[in-house]
Amino acid sequence: MSSQEPQAPYYKFLGRKIALAIAVVAFIPYALTYFVFYSNFQESLRSQVLNSLRQVVESHSRTIDDFLNERLSDLRYTANLHSVSEMSQPAEMQNILNSINAVYRVYVDLGFLNAQGRHLAYAGPYGLREADYADALWFKEVMAKGLYVSDVFKGVRGVPHFIIAVKVSRDGQNYVLRATIDIAQFSSLVEGVRLGNTGEAFILNQEGLYQTQSRSHGFLLSDADLPLPEYFTGVRVDENIIRRGRSVVMAETWLKYGQWLLICQQDTEDALGQLSTTLHLAIAIGGFGLLIVTLTTVVFTRHLVGRIAQADREKELLNEQVIQSGKLSALGELAAGVAHEINNPVAIMIEEAGWVQDLMTDEEECFHKSPNHQEFERALRQINTQGQRCKEITHKLLGFARRTDSPVELTQINDLIHEVVDFLERPASYANIQIVQDLAPGLPQVNASPSELQQVLINLIKNSTDAMEKTGGTITVSTRPAGSMGVILSVKDDGPGIPEAVLPRIFDPFFTTKPVGQGTGLGLSICFGIVSKLGGKIEVTGGQGKGATFQVHLPAVSQTMLAASGAAAKP
Amino acid sequence: MSGPQAELTVLLVDDEEGFVQTLARRLSRRGMTVRTALSGPLALEELERGPVAVVVLDLKMAGMDGLATLKQIKALYPRLPVILLTGHGSLASMQDILALGAYDYLSKPCDLQTLLERIQAAAEASPGEADNLS
């Protein structure tokens with residue numbers, strides 16, 4: 001019934017195209033911007049995490065190297081400070097141990113050995129006075145290289161420890177000053193490292209044995225089960241290392257000239273946890289943005305398509321009005337031509353009748369004698385009367401025609417109604433329909449195009465006559481003043497009425513209850529469009545069996561307009 | 001049938017021969033001297049032949065129409081009164097017709113008495129001053 005329904009797929013298609021276009025235009029820059037920022041941000045955060053790991057390893061590497069160098073310096077200094085005989089005295093050795101432990105209590109024991117690997121003096125808790133180190137690897141190393149830092153080992157005591165030793169040469173004789181380092185003190189240098197929940201540092205020797213304890217992976221001197229890299233300088237950082245089934249990030253560096261490997265590692269999930277949280281937040285923000293863009297696109301598209309559909313409907317209605325107006329204009333031209341063609345023969349006919357009348361006057365006596373002279377005169381009068389009637393009809397027709405393109409002007413609506421009703425009452429009477437006028441005098445003028453207002457009135461009356469075509473009845477056209485609203489024009493009929501269900505759609509374009517081919521469904525919508533354009537409104541009341549009443553409210557002309565009109569009319 | 005109009009010479013211009021002849025007879029019967037022309041050019045020729053007091057001119061004619069003829073007449077004889085007869089064959093404004101110099105207009109079919117009165121009025125409006133009166 002409605003014009004919109006058949007076109008719904010078109011507007012759906014249009015909506016999809018617009019939405020797609022908006023989405024493409026909005027999404028592509030958004031997605032590009034988002035992913036550029038996302039990837040940069042991700043890389044920045046990842047670098048930050050890995051750099052912090054690198055810095056921990058670097059700083060602890062320096063600390064450990066410093067610690068070992070300081071210990072070796074301690075021994076060298078001690079050896080230089082004391083004579084062989086002093087260092088060969090157990091009591092003096094105890095004094096020396098106490099002295100070097102005064103600041104840092106890192107030395108467990110201190111021994112002074114001869115070139116044969118036998119203690120000349122020993123100070124410490126272990127009974128190593130008689131120990132023979134002649135075949136000990138460390139002893140051979142220190143004798144060969146001058147200094148030695150051992151790995152952590154259990155040694156003859158069966159307790160994990162590590163030693164440092166320096167060779168002392170005096171008077172052509174070689175000696176060795178050896179100290180055991182407190183493993184707990186040393187371990188605290190790396191075991192205190194805490195990164196997040198899982199981050200830790202530990203040291204491995206070249207055999208892959210823990211030189212310090214790992215909180216999560218192994219005890220001292222247990223096998224770390226890690227493939228050790230070739231020697232390298234500096235710090236190396238690796239990601240996504242799978243260690244014992246867990247992904248870790250790891251920074252490592254070689255210490256002690258490649259003998260120890262300092263490793264700082266943290267579970268990837270823990271290390272990049274903040275990154276992960278931040279990225280999840282970024283993804284959530286991105287998703288929210290997409291949602292907003294999508295919602296905006298949908299809402300905007302619906303609004304836009306709605307407006308387009310409305311504009312199309314208005315355009316369609318306007319087109320129909322233009323067509324209708326064109327038809328009326330063409331009808332006007334046609335009527336003008338017809339009027340001329342009819343008026344000329346009618347004029348001749350009347351003149352001829354007049355001429356006969358003249359002749360009869362000349363021959364009055366002769367005609368008076370004729371028994372039919374009165375019938376001659378009646379016939380001539382009738383010719384004249386009907387000729388004048390033809391003239392009136394054609395003049396009315398021309399009155400309509402002339403107004404088809406009339407502009408908006410001050411219009412007295414009652415005069416207009418007289419003309420329209422005069423024109424329509426005869427055809428209506430053929431269907432036993434009587435048109436009654438109930439017009440209030442002294443109505444204000446309205447500012448309207450007479451032809452358009454005429455069209456409104458014709459459409460409304462025609463609507464009623466169509467409804468009462470078979471039954472006949474009365475159409476009452478009335479006017480009354482409506483205060484500030486101006487004038488109310490009412491067309492009421494006592495026909496079958498309009499069903500309640502139909503009333504809300506009665507002014508929709510193409511809505512008709514007439515059989516196919518008998519109504520365009522445009523008449524009332526054109527009325528609606530014209531009245532709306534004039535700033536008025538049109539209403540319909542009445543239900544099934546109650547007749548129908550159309551009320552047209554037209555605004556009165558303002559005093560300003562009247563004054564302007566009056567001024568313009570003055571010469 | 002004699003009267004003031006008895007002295008008047010009227011030129012009837014219309015391409016409907018039957019109308020012109022009948023109306024001419026009726027006006028002659030009422031004492032007027034009536035000359036006729038069936039087109040605009042013939043009307044101009046007729047005016048050259050002799051003086052006319054009033055021209056009654058049909059608006060819609062084949063060839064040179066009433067408006068064109070009116071313009072020619074007013075160009076040649078500005079003071080000659082012209083009454084236009086129209087069958088409302090055109091939507092042209094009557095105000096425009098009057099603006100072109102027509103003295104008056106009547107719509108067809110017109111009442112003879114009304115036509116006589118308008119002719120008389122037109123003749124009295126410019127007595128003896130029509131351009132082609134000798």
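Predicted model: local features only at pLDDT ≥ 70, side-chain atom pairs only at ≥ 80, totals over all residues.
Let me begin with the interface as a whole. The contact draws on 24 residues from chain A and 19 residues from chain B. The size of an interface is often given as the accessible area lost when the parts come together. For chain B and chain A that figure is about 2,100 Å², with 54% of it on carbon and sulfur atoms.

Between chain B and chain A the rule finds five salt bridges, and one of the salt bridges joins the side chains of A:Asp358 and B:Arg26, with N to O at 3.2 Å. Looking at chain B, the element that gives the most to the side touching chain A is helix 1, residues 17-29, which supplies seven residues. Sorted by class, that side of chain B holds seven charged, six polar and six nonpolar residues. Across this interface there are also seven residue pairs in polar contact, both residues being at pLDDT 80 or more.

Finally, I would like to turn to A:His373, which lies in helix 9 of chain A, a helix covering residues 373-402. Is A:His373 buried or exposed? The residue counts as buried, because its relative accessibility is 17% and the cut-off for buried is under 20%. As for its surroundings, if we leave aside the neighbours within four places in sequence, A:His373 is in contact with A:Met360, A:Phe367 and A:His368.

Terms used:
Residues numbered from 1 in each chain as written. Chains lettered and ligands numbered in written order. Heavy atoms only, no water. Helix = DSSP H or I, 4+ residues; strand = E, 2+ residues; numbered from the N terminus. Buried < 20%, exposed > 50% of the residue type's maximum accessible area, 1.4 Å probe, protein only. Contact = heavy atoms within 4.5 Å. Buried area = accessible area lost by both parts, 1.4 Å probe. Salt bridge = Lys/Arg side-chain N within 4 Å of Asp/Glu carboxyl O. Polar contact = N/O pair within 3.5 Å; in protein donor to acceptor, adjacent residues only side chain to side chain. Nonpolar A, V, L, I, M, F, W, Y, C, P; charged D, E, K, R; others polar.
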